[in-house]
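I wanted to look up the salt bridges in this model. My notes follow.

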Amino acid sequence: MATITNISEYDRKTEIKAFDDSKAGVKGLVDAGLTKVPLMFIHPPDDTKSDTAVSEFRAPLIDLAGVHDNRRPKIIDQVREACENLGFFVAVNHGIPASVLEDMIDGISRFHEQDAQMKKEFYSRKFAEKVSFLSNFNLYRSPAATWRDSLCWPAAPNPPNPTEFPAVCRDIAIEYSKGVKRLGYTLLELMSEALGLDANHLKDMECGEKYFHGGHYYPPCPEPELTLGVERHSDSCFLTLLLQDQVSGFQVFHHNHWIDVVPHPGALLIIVGLSLQVITNDRFKGLEHRVLVNRVRSRVSVTSGFCPTFFASSKLYSPIKELVSEENPPKYEEATMADHVAYLRGERV
């Protein structure tokens, strides 16, 4: 992709289409020896600046060991405090073996670092329907592209046939997904009880029935101060499980500051999404976060989102009736979750 230096000659649509048609992703640009960030990836300076005064933050660490015995009440209290005050927490002893987490990161790395021609056969923008390799979910709609490639697939209710996965990560992707499903159900139970509801309430609302995975790769960037790995946003999901390698970059927006969340070996970040915010009537708040990139090292992460908006649905949602009262009336009318999320993001419904 040519680097355009004269802004008057810049044709964004042409640049985006050329990038998409290459089916090589951001890593393809880096492998080609790119030394400048193309204009389509450049974000406004206010979006990319970082707070140097607040560089580290002690994220709430919740040990899930004993979640099914006498430690459960304490864990529920910790989950409640984290979801109400921050919108995320770091989970350890969550039941997915460290070896599986490491193998999953390695598998996603192998996929993205293999020969470009091998990846191209998976290139598709129909990521809600099948195993798909792509760069930027909203490439044609976002004001600026992000410095990230992704391998995505729906995990439930209609998972792909095993033969549809890339061979380099097939077995571990299937194994990891099973662990995520079990943990997701446990987390929904804990969140239900943290809200004062029956343990099965969120599961009975089918909050765990639709989920997807994304294996993301952030290549080294020649000008990281100009772009982002992921722009500022809150997830549309009920909750997201985030697995990271040990390369920093994930930041949360807290008290008007961007704060680094340092990776914790063997841990998963549990993130509250906007769908959960809606049905809890704002008791649990969707976390605003973003990802920075760097010049030196690639970064790998895996997101697993329990998300009604990832799949087309006409199902209507409103705040759980047990969580509203005359003193705390519903903040949302009945609507599809896609409409709720668009409203919360300030988009036209």
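I set the cut-offs before reading any accessibility: buried means under 20% relative accessible area, exposed means over 50%, and partly exposed lies in between. The model is predicted.

Entry one. I looked up Lys-203. Its relative accessible area is 22%, so I logged Lys-203 as partly exposed. Glu-189 lies in helix H7 (residues 170–194) and Lys-203 in helix H8 (residues 201–204), so the bridge ties together parts that are 14 residues apart in sequence.

Entry two. I turned to Glu-223 and Lys-36. Their side chains meet in a salt bridge, 3.6 Å from N to O. This pair links distant parts of the chain, 187 residues apart. Glu-223 is in the loop between strands E5 (211–218) and E6 (230–234). Lys-36 is in the loop between helices H2 (25–31) and H3 (45–48). Is each end buried or partly exposed? Glu-223 is buried at 13%, whereas Lys-36 is partly exposed at 44%.

I checked Lys-315 and Glu-206. Their side chains also meet in a salt bridge, 3.6 Å from N to O. Lys-315 is in the loop between strands E12 (299–306) and E13 (316–317), and Glu-206 is in the loop between H8 and E5. They are 109 residues apart. Lys-315 is partly exposed at 33%, and Glu-206 is partly exposed at 48%.

Tally. I count 14 salt bridges in the structure.

Key. Residues numbered from 1 in each chain as written. Predicted model: local features only at pLDDT ≥ 70, side-chain atom pairs only at ≥ 80, totals over all residues. Heavy atoms only, no water. Salt bridge = Lys/Arg side-chain N within 4 Å of Asp/Glu carboxyl O. Helix = DSSP H or I, 4+ residues; strand = E, 2+ residues; numbered from the N terminus. Buried < 20%, exposed > 50% of the residue type's maximum accessible area, 1.4 Å probe, protein only.
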